[in-house]
Amino acid sequence: MAKCVIADDSRVIRMLLSKIMANLGFDVVEAEDGEEVVEAVELNEPAVVIMDWRLPVLDGIDALYKIRSLKKIPQPKIMFCSSITDPDKIDDALSGGADDYIMKPFDEEIIISKLEILGLI
């Protein structure tokens with residue numbers, strides 16, 4: 001079963017994404033902050049990471065850089081899921097190694113379509 005790491009400081013968002021991903025057959029690991037995301041990637045070797053930009057301890061963009069510097073093969077697909085809609089920030093995430101960017105609010109259809117585009121389902 002493919003693994004997924006979900007990182008958001010909102011328990012409600014984590015629960016919603018976890019339910020969607022579990023229904024799609026993913027084994028889900030949750031993280032509350034950026035350092036936990038990096039640790040979860042190191043320990044679990046997920047196929048995909050879905051994380052917010054605004055995370056405590058280490059923000060999402062710094063967590064992205066740390067994950068990409070791990071030199072893990074294969075690297076997980078990384079999708080940001082954030083309320084930040086600034087085109088420059090979105091570009092920073094994508095040019096920094098993110099595979100996709102989802103803006104909040106989102107629904108299950110959006111998550112499914114992004115996962116299909118990334119070849120994960």
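How are α1 and α5 oriented to each other? Select both helices to find out. This is a predicted model, in which local features need pLDDT of at least 70, side-chain atom pairs count only at pLDDT 80 or more, and totals for chains, interfaces and linings use all residues. Residues are numbered from 1 along each chain as its sequence is written, and side-chain values use heavy atoms, leaving out hydrogens and water.

**Stop 1: α1 and α5.** Show α1 (residues 11–23) with α5 (residues 108–117). Their axes come within 11 Å and cross at roughly 55°.

**Stop 2: the contact.** L17, I20 and M21 of α1 meet E108, I111 and L115 of α5 (contact means heavy atoms within 4.5 Å). Five of these contact residues are nonpolar, none is polar and one is charged (Ala, Val, Leu, Ile, Met, Phe, Trp, Tyr, Cys and Pro count as nonpolar, Asp, Glu, Lys and Arg as charged, the others, Gly among them, as polar).

**Stop 3: the ends of α5.** Go to the start of α5. A side-chain oxygen of D107 reaches to within 3.2 Å of the backbone nitrogen of E109. Then select G119, which follows α5 and has a positive phi, near 75°.

**Stop 4: D52.** Move to the loop between β3 (48–51) and α3 (60–68), where D52 lies. D52 counts as buried, at 6% relative accessibility (buried means under 20% relative accessible area, with a 1.4 Å probe and protein chains only). Now select K104. Its side chain makes a polar contact with the side chain of D52, at 3.3 Å (N or O atoms within 3.5 Å, one able to donate a hydrogen and the other to accept it). Beyond four places in sequence, the residues in contact with D52 include A7, D8, D9, F80 and K104.

Note on methods. Axes are lines fitted to C-alpha atoms, for helices over the stretch in contact, and angles run from 0 to 180 degrees between N-to-C directions. Helices (H or I, at least four residues) and strands (E, at least two) are DSSP runs, numbered from the N terminus. Buried means under 20% relative accessible area, exposed over 50%, partly exposed in between (1.4 Å probe, protein chains only).
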